[in-house]
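Hi,

Here is the structure I said I would pass on. Have a look at it first, and then read my notes below.

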Amino acid sequence: MEEKKSLWAFGTPEVVYSGIGAALYGVLSWATNLLQIPGAANVSVRPAVAIPMFFGVAYGPWVGFITGFLGTVIGDLISGYGFWPWWAIGSGLMGFFTGLVANQMTDYKSGSDILKAEVMVIVGIVVGMGLASLSEMWVSGVDMNTAIVFNFVPAAITNLIWGLILTPILMVAYGAVKSRSGR
Amino acid sequence: MLVTWSYRVRNSLMEKIDPRARWIFSLLFLFSITLFWDLRILLFFFVLAFSWYFSARTTWRETRRGWLFILLILFSMVVVNVIITSGGTAGIVDQEGQHPIWGFIITLPITGWIINFTLTIERVWFALAQIVRILSISAVFLIIPYSMDPRLYGFTFHGLGLPDRFAYSMDLAFRYVPTLARDFITTLDAQKARGYEIERVEGGLIRQIRRIAPLIVPVTMGSILTGEDVINAMDLRCFGLQKRTWVTITTYHWYDYALIIFSVLLLLGSLFLRYVLDIGSFWIPTWILPS
């Protein structure tokens, strides 16, 4: 019988998948970074936002966090936008929270697996983008209404749409691939 | 299409400084400047930030895109937030006794909502403080990708206290970027040969997802399968059993220590000014106010 790994393990596979996930998120973010949401302060349409959430579901919270955090940093570095630590942490939290159900996955294709992942996608986005948006109050001096309307709402809505739709698609594809890997 | 880092060797003053010291300075600068709304103090940070920025010897052409992005943020935050909605001044600027410059009252048709807008001297001055603050923070963080060798990120964060495995993940990620970019282009070309049109990712949401999924899913699964080989290779080399060494390392010099000490003093001094002497809250010169 396959032993369940600890949710918080960070061995060689987690190191590698963190690096790959971050690089993947960064490159795919850069490729889609040209699409800016009108009216939002500093967010863009990023279908790649599903990547940290998927990697969290597949490999655990630490992999999800590093994929989101470092992937955001890489994407912004490649695009020449600089470094915005509070938004990178927000992206990391999206992957972190979805990773909390990684140990409960069975075949990544069943309805219950997908439902658990979707619930955590919502939690992760609300917490991650909420924290990042509210941090603008501290950094830029905006008030809560502005942070919510101009930062949180556009970011959360687009991330929810792409996350809720693309994450299950990636999970189903991963379910088929996983049986080949033998891990 | 190549994915390249913004960094190139410039033999600048900033490149001589250890990346760890530079990160410490950047982060402590951020914490220090966010304590103040007094424009006089913010101008000090502004001069410090841009002195730091120009020590990297970048050109406008290189950083133009980043600055345009920042100016877009500034416009939406300052003009819309502070000047039109007055959001952001609440809690920092006293709402009572402000001095109006211009205003209007309009009633929206159909809904009957009344919009009562007043632009005050205090709002404009706060907007100015906000601009100076955001530009200063932007200068310090925007310059990082242009002035820091990507090969040093892993070692740098290891030196800042991150566990070895996390730091190695960062190293791996930076090394993987060109490989994954190449795989992305290969997949894109293969899909294009099958009639896929990335230039026409338009239409409704479902249509956009149907167009983007054939690109993202194969690239993701391909990279996961590639990762299996890397894991096997690392396990065969006993990765993680002992404390690892790094191929590229940096060493501190006296000026790195000087920068770190300066950064710590900057933060401590800021905390002292703000919380002990109560200096640094929103300030507006009396000569600007009507008598």
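Predicted model: local features only at pLDDT ≥ 70, side-chain atom pairs only at ≥ 80, totals over all residues.

Chain A has 183 residues, and 63% of them are buried. If you take its contacts between residues at least 6 apart in sequence, 71% join residues at least 24 apart.

Now the interface. On the chain A side, 51 residues are in contact with 58 residues of chain B. The elements of chain A that give two or more residues to that side are α1 (12-32), α3 (61-79), α5 (111-139) and α6 (144-181). Of these, α1(A) gives the most, with 16 residues. By type, the side of chain A that touches chain B splits into 37 nonpolar residues, 13 polar ones and one charged.

The largest nonpolar core has 119 residues. Those that touch the most other members are A23(A), V27(A), A50(A), F54(A), V57(A), I74(A) and, from chain B, A173(B). I looked up the partners of A173(B): leaving aside neighbours within four places in sequence, this residue is in contact with G19(A), A22(A), A23(A), L70(A) and I74(A).

Over in chain B, have a look at helix α3 (residues 39-54). Its 16 residues reach 22 Å from the first C-alpha to the last, close to the 22 Å expected at 1.5 Å a residue. L39(B), I41(B), L42(B), F45(B), A49(B), W52(B) and Y53(B) are buried in this helix. Why do I say that they line one face? Seen down the axis of α3(B), the buried residues fall within an arc of 150°, so one face of the helix is lined by them. They pack against α2 (19-33) and α5 (121-142) of chain B. R40(B), V47(B) and S51(B), on the other side of α3(B), are exposed.

Last, the strands of chain B. β1 (residues 100-107) and β2 (residues 114-120) pair in the antiparallel sense over seven bridges, and T107(B) has I114(B) in β2(B) as its bridge partner. The two strands form a hairpin with six residues between them, and I110(B) in the turn has a positive phi of about 70°. β1(B) is hardly covered: of its eight residues, the count of buried ones is zero.

Best wishes

Technical notes:
Residues numbered from 1 in each chain as written. Chains lettered and ligands numbered in written order. Buried ≥ 20, exposed ≤ 12 C-beta atoms within 10 Å, placed from the backbone. Helix = DSSP H or I, 4+ residues; strand = E, 2+ residues; numbered from the N terminus. Pairing = 2+ DSSP bridges. Contact = placed C-beta atoms within 7 Å. Nonpolar A, V, L, I, M, F, W, Y, C, P; charged D, E, K, R; others polar. Expected span 1.5 Å × (residues − 1). Arc of directions from axis to C-beta. Core = buried A, V, L, I, M, F, W, Y, C linked by C-beta atoms within 7 Å.
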